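Good morning, everyone. Please have the viewer open and follow along as I talk.

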Amino acid sequence: MDLTLIKASVLLSGPEIIIILGACVGLMLSLVPRPGQGGLIAGLSLLMIALAAGMSATLGHMPQSAYQGMFVIDGIATYFKLLMYLGTALTVLISGGYLATENTDKGEYYVLLLFALSGAMIMVSGTDLLIIYIGLELQALSIYVLVGFLTKNRRSNEAALKYVILGAFSSGLLLFGLSLFYGLTGTTQLEAMAIALGNAETGDPLLVLATLLLLVGLLFKVGAVPFHMWLPDIYEGAPSPVTGFLSTVGKVAAFAVLLRLLMMDLSALAPIWRSSVTAVAVLTLAVGSLAALVQTNIKRMLAYSSIAHGGFLLLGLLAGGPDGMASVMLYLLVFTLMNMGLFAVIVLLNQGAERREPIWDFSGLAKSHPGLALITLVLLLSLAGIPPTGGFFAKFYVLVALIKTGQVALAVIAVLLSAVSAWFYLRIIMLMYMGDADHPAQVAMTPALRLALAITLIGTVLTGLFPAMFLDAAQAAAQAATLAGLG
Amino acid sequence: MTGLPVLSMLILLPAVGAVVLPFLRAAQTARWFAFVFLFADFLLAVWILTTFDASSAAMQFGEHYAWVPSLGISYRLGVDGISVWFVLLTTLLGWICVLASWTSITTRVQEFMTCLLAMQSLMVGVFCALDMILFYILWEAMLVPMYLIIGIWGGDNRVYASFKFFLYTLAGSLLFLIGILLLYFNAGQTFDMLALMDADYPLQLQIWVFLAFLVAFAVKVPMVPLHTWLPDAHVQAPTAGSIILAGVLLKMGAYGFLRFSLPMLPEASHFFAPMMIALSSVAIVYGGFLALVQSDIKKLIAYSSVSHMGFITLGLFTFDAMGLSGAVIQMFNHGITTGALFLCVGLIYQRGHSREIAAYGGLIKMVPLFGILFAAFLLASMALPGLNGFIGELLVLAGAFGVSGWAGAAGVLGALIGAAYLLGVYRQMLLGPIKAPNGAELWDLNPRELACALPLLLFVIWFGLYPKPFLTILQPSLDQLMIQLTPLAVPP
C-alpha cells in the first residue's frame, strides 16, 4: 500500500476522523472542570458534526473504496451518515436542558455521543465484517455508558447493566455468525465473500446457521420481536436524550448494516432469511402495536412504538429492490425527525428522572402551552402515519414498494396494525386536548430546544407536503448503491 | 373559462385563514374572521357554479402540477357536474356552521374556528381532487380536525365518541389505500383518476379492490352494519360538528362510490350490486325502525340519516339512469335538510338544554319563527312533494322498482316509517300544549340565527319547486357515468 493509497483512504474516512478528533479534544477539555463546560463541549460537538457533514457531502455518492476494500463511501453510506449527523446534532441540542435538570452537566456526555456516532459511522461504511463489528462495539460501548449516565438514578443504572449483558450476548451471537462465515468463505471482506457465496448451496446447514446467527445478532440491535425484550426497559431507564439517540441513530446504523448485508453483498442468501424475516417483521409490527396500547409511561410507549416502526422498516427491506431500499432510507429520515421531536417534548416536560415520565404529563398541555401542544400533535400524527405529515409518506412508500413486488398480504397486515397503533398516539392527543391540567407542566424552553423543535417540526411537515425532494435523494442514493452492488 | 387557479383559491382561502386565525387574540374577532373567510369561499363557489359550462361532462377549472414525479403523484384538480354541487354544499354549510356556533361555542373559540376553516379546506379539496393520492391525503387529514371538534367541544361522552369516529374511519381508509395502490400498478403507475377510470382491470382484481373501497366508503356513508359510530359521533358532536358530519362527511362515502367504485370497477360493481342493494334496503328499514324508537332528537336524526343514506346507496347500485340521478339529488338534498335539522336541534338545545323530544311541546305557538322553519325541514326530510326531498326519493324508488321489487318495497316501507317518526316529532314538539324543559322560557330566533336557517330554506323550496338548473348541470356527468358503467363484454 503506497502513500497515495493511504492518503486516499484517509481522505475517504475524513468524516470519521473529524468526529473522533472532536471527541478527543472534548475529552481533554472535560478534564478541566469549570462552569459552563458542558455548553462548550456541546458547541464543539455541533461544530465537528457540521464539519463532518460538510466533508461527507463533498465526498458524495460515487462508490469509492478505501483501506483495501474494508471501507467504502457510497450512496447508502453517505445518506445514512448525513442522517446520523442530523440525529446526533438533535440529541446534542436537546441534551443541554435535560442535563441541567438532572444536575449532571458533564462534558463526557457529549464526548461519548461523538464516540457513539463515530462507531455508527464506521458501521455504515464498513465492507468487512470485522470493521462492521468494531464499529458496532464502539457504538454500543459508548451507549452503555450513556444509558447509565444518571449515576444516582437506580433505573438508569439498572438499564445500563441490562443493556451491557444483553448487548454483549447479542454481540456474541453476531461474532459467532461472523466466524462461521469466515470459516465457510475464508474471508471477512464482503465483496470477496459475495463471490465465494455466489455458487454456494443455500441448503448447507452450516451456512444456514451462520446466516441465522448473523441475522439474530442484527435483529437484536434493531429491536425486532422476539429479540425486543431489552428495549422497553432500556428506553425507560436511559436519560431521555440518550433514548432519543438510541432510537434514531442506533436504529439507523443497525438498519444500514442490514441493508448492506442482506440487500447488497449477501443478497445471495435471500432464500435462507426471507421467510424468517417475514415472520419477524409481522410479529414485530403486531407486538409493537399491541403492547404499546397498555403503556402508561411515555418512554415505554415510544419503545414499543419504535419496535412497531422497526417492523415497518423490515417490510421495506422485504420489498427489496431499489424501491425497497429507498423506502427504508426515507422512512428512517422521517422517523429520526419525528421521534427526536417527540423526545424534545419529553425533555421539555421532564421534571426530574425520579418522577418517571407518565403520559399524564401531557394532560391539559393544549390549555397551558397551546403552541407546544400543536407541535406535539403534528409529531404524533406523523408517528401514527396520518397525512399530510412525513410519517404518512414514509409508510406509503413502503406500501408502494411492497405492492410493487406483489406482497399485498403483507401490506394489508401492515395497514391494519398501523390502524391499531394510531390508538395510542391518539391517546396522547386526547390527553393534551381533552384532559384537565391538574398540575400544569412547567416548561423551561431553551434556545437549543426551540431550535430542535423547529427543525423536527419543519422536517416532519416538509417531508409530508413536499416529499419529492427527500424521495429523490433516497432514490438516488439507493440507485447508486444497488448499481455498485451489481457491478 | 379563465386561467385563474380558482379551485386552488377555493381550497387555500380557508387554509390560509386557519394558519392566521390562531394568532388572533379576541374570540369575537376570531368569529368574524372565520365567517368572512368562509363566506368569501362560498361566494367563490357560487361564482364557479355560475360560470360552469353545463353542456359538458368534462372536468372543468382543471389544474395540474407535478408533486412527486417519480411516483406519478400530482396535484390535479377539477370539477364536473356532480362535484361542483358538493363544493357548493360544503361552502354553504361552512359559514352557516360559524354562525351556528357564534354563541354556543364559548371556550377556545380560536381553536374551534381554526378547526372549521381547516375542515372546509380539506372537504372542498376532497371534492375537487383528481389525483387518487391527493384525494386520499385530504380524505384522511380531515379526520384530525373533526376528531378535535367532537373531542374538545362535544357532549359528556365526547372522548369515547371521538375515538370511535377516528378509529372506525381510519381503519376503513387504510384498506382503501391498498386498493388505490393495486389499481395504480395495474393501470401503468398513475394516480390520475381519469386515467384510472379509463383503464380495464381483470375481474378478480376488481373484486378485491371493490371490497377494499367498500370498507372505506361504507364506514363513511355509513352502511349497516358499519354505522355504529354515527349515533355516538352525532349525539356528542357540537352543532357545527353534526352539520358537517351529516351534511358533508356522509356524502363523501357516497361520493366515493360514485367517483371510484362505479366508474373504475364497473364489473365488480355489477357483481356486488345485489349485495349492495340488500344492504341498502336493510339500512333503510333498520335505520328507520331505530329512529322510530329514539327519545333523543339528535339520535333520531342520526338514525334517520342511516335510513336516508340507504336510499342513496340503493339508487347508486340500481345502475339505472333514474336511480342514479335520484341518488345524487338525494345526496345534495340530504346534506341541506339534515344539516338544517341539526341546526334546528342545536338552536333548541341552546334554549332548553335538553334533547328529549318529550320535553318540548307547542313550539310553533311559543317560538313561531323557529317552529315554522323546523316544520319545513321536517317535512322536507319526509320527502313531501314540493320540497326538495321529494324528487330524489321518488327517482330512487322508480329506479329500485326497476331492479328488484323487494328493494322497491323496502324503500317504500322506509319512506313510510320516515313519515311516522318525522311526523311524530312534528306532533310532539311543535303541536300540542306549550311545554319546555323545566318550564324554561324559550325565545324566538334572532337575525343571526335566521341568517343561518333561511338560506337552507331557500334551497329546500327552490329544489322542491324548480330543480331544473340542478339537473341541467348534473346530467352530462351522469350520462358519462352511465357509459362508464356499462360492463365491457369481457368473457368470464
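A residue is buried if 20 or more other C-beta atoms lie within 10 Å of its own, exposed if 12 or fewer, and partly exposed in between, with the C-beta atoms placed from the backbone. By that count, 61% of the 492 residues of chain B are buried. In chain A, buried residues make up 60% of the 487 residues.

Now the ground rules. This is a predicted model, where local features need pLDDT of at least 70, side-chain atom pairs count only at pLDDT 80 or more, and totals for chains, interfaces and linings use all residues. Residues are numbered from 1 along each chain as its sequence is written, while chains are lettered from A and ligands numbered from 1 in the order in which they are written.

First, the overall build. Helices (H or I, at least four residues) and strands (E, at least two) are DSSP runs, numbered from the N terminus. Chain A comes to 20 helices and two strands. Chain B has 20 helices and two strands.

Next, dimensions. The C-alpha trace of chain A spans about 65 × 55 × 40 Å along its principal axes. For chain B the spans are about 70 × 55 × 40 Å. The radius of gyration is taken over C-alpha atoms, and the globule rule is 2.2 Å times the number of residues to the power 0.38. For the 487 residues of chain A, a compact globule would come near 23 Å; chain A has 21 Å, which agrees. For the 492 residues of chain B, the rule again gives a value near 23 Å, and chain B has 21 Å, which agrees.

On to contacts. Two residues are in contact if their C-beta atoms, placed from the backbone, lie within 7 Å. Take the contacts in chain A with a separation of 6 or more: 80% of them join residues 24 or more positions apart. In chain B, such residues account for 80% of the contacts with a separation of 6 or more.

How many residues of chain A are in contact with chain B? There are 26, and they meet 26 residues of chain B. On the chain A side, helices H17 (390-404), H18 (408-434) and H20 (467-486) each give two or more residues. H18(A) gives the largest share, 13 residues. For classes, Ala, Val, Leu, Ile, Met, Phe, Trp, Tyr, Cys and Pro count as nonpolar, Asp, Glu, Lys and Arg as charged, and the others, Gly among them, as polar. The chain A side has 22 nonpolar, two polar and two charged residues.

Let's go inside chain B. Ten of its ten residues are buried, so H5(B) is largely enclosed by the rest of the structure. Among them are Met132(B), Trp139(B) and Glu140(B). The cover includes strand S2 (73-79) and helices H4 (109-128) and H7 (158-186) of chain B.

Helix H10(B) is a second case. Eight of its eight residues are buried, so H10(B) is largely enclosed too. They include Trp229(B), Asp232(B) and Gln236(B). Its cover includes H6, H7, H11 (239-264) and H13 of chain B.

Now, helix packing. Two packed helices are described by the angle between their axes and the distance between the axes. Axes are lines fitted to C-alpha atoms, for helices over the stretch in contact, and angles run from 0 to 180 degrees between N-to-C directions.

The axes of H10(B) (229-236) and H13(B) (297-316) come within 9 Å and cross at roughly 140 degrees. That makes H10(B) oblique to H13(B). Angles under 35 degrees count as roughly parallel, over 145 as roughly antiparallel, 65 to 115 as roughly perpendicular and the rest as oblique.

Last stop, helix H16(B). The axes of H16(B) (368-381) and H18(B) (405-430) come within 9 Å and cross at roughly 165 degrees. That makes H16(B) roughly antiparallel to H18(B). Phe374(B) and Leu378(B) are among the H16(B) residues at this contact, and Val425(B) and Tyr426(B) among those of H18(B). The classes are seven nonpolar, two polar and no charged residues.

H16(B) also packs on H19(B) (447-465), at about 35 degrees, with the axes 11 Å apart. Leu373(B) and Phe377(B) of H16(B) take part, as do Leu450(B) and Leu457(B) of H19(B). This contact has nine nonpolar, no polar and no charged residues.
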